[in-house]
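The sequence and the model come next.

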Amino acid sequence: MTPVQFDVTRRFDVAARPLWDELVDWPAHGAWIPATTIESGEGDPTAVGYTFTGWTGWRPVALEDRMAVTQCDWHEATSTGECWVDKLGPVLGGRAGFTVRPDGAGSVIEWHEDVTVPYLPRFLAPVVAWFGSIGFKLALRGLDKVLTARTAPPTGG
């Protein structure tokens, strides 16, 4: 198992709470992560033990990424949140998570990936991390578009 780690930070022009709400709506990730669908369980998506599966790619050649929430806390007093999931395989192990915090009139997300990939030669880990960070930067750009569309005032005619 080869470790692959990267961090991505992005600022949004929306408050921290709407960003948080979108992030913990696991099935909604498919609207902003390219070529991804999410199958989720029943119950509170922020509860420890909640499980869901991401499929990235096009079946039958999609990457299956099973996950379980290990921590997911929103702190109303500070408008900050932190969420971590364990990667349960069959391809990726390790963990991933994000923090959301206010930044002026907007907010910032810090996304962290610390995963292991089987059969990946160690010398390729930096290349995979670079591509992973690019993929998440593109996904967060998509999230920004989704949030902007949802929070834009209606246009009248």
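How many residues apart are Asp21 and Arg17 in helix H1, and what does this separation amount to in helical turns? The model in which they sit is predicted.

## A pair within one helix

Asp21 and Arg17 are 4 residues apart in helix H1, which spans residues 16-23, and this places them about one helical turn from each other. Their side chains meet in a salt bridge, with an N to O distance of 2.8 Å.

Asp21 has a relative accessible area of 35% and is partly exposed. Arg17, with a relative accessible area of 35%, is partly exposed too.

Asp103 and Arg11 form a salt bridge in which the closest N and O atoms are 2.6 Å apart. This pair links distant parts of the chain: Asp103 belongs to strand E6 (residues 93-103) and Arg11 to strand E1 (residues 2-12), and the two residues are 92 residues apart.

Asp103 counts as partly exposed, at 28% relative accessibility. Arg11 is partly exposed at 38% relative accessibility. Both residues also belong to a network of salt bridges that links Arg11, Asp13 and Asp103.

## Another pair and the total

A salt bridge also joins Arg101 and Glu110, whose closest N and O atoms are 3.5 Å apart.

Across the whole structure, the search finds 10 salt bridges.

Key
Residues numbered from 1 in each chain as written. Predicted model: local features only at pLDDT ≥ 70, side-chain atom pairs only at ≥ 80, totals over all residues. Heavy atoms only, no water. Salt bridge = Lys/Arg side-chain N within 4 Å of Asp/Glu carboxyl O. Buried < 20%, exposed > 50% of the residue type's maximum accessible area, 1.4 Å probe, protein only.
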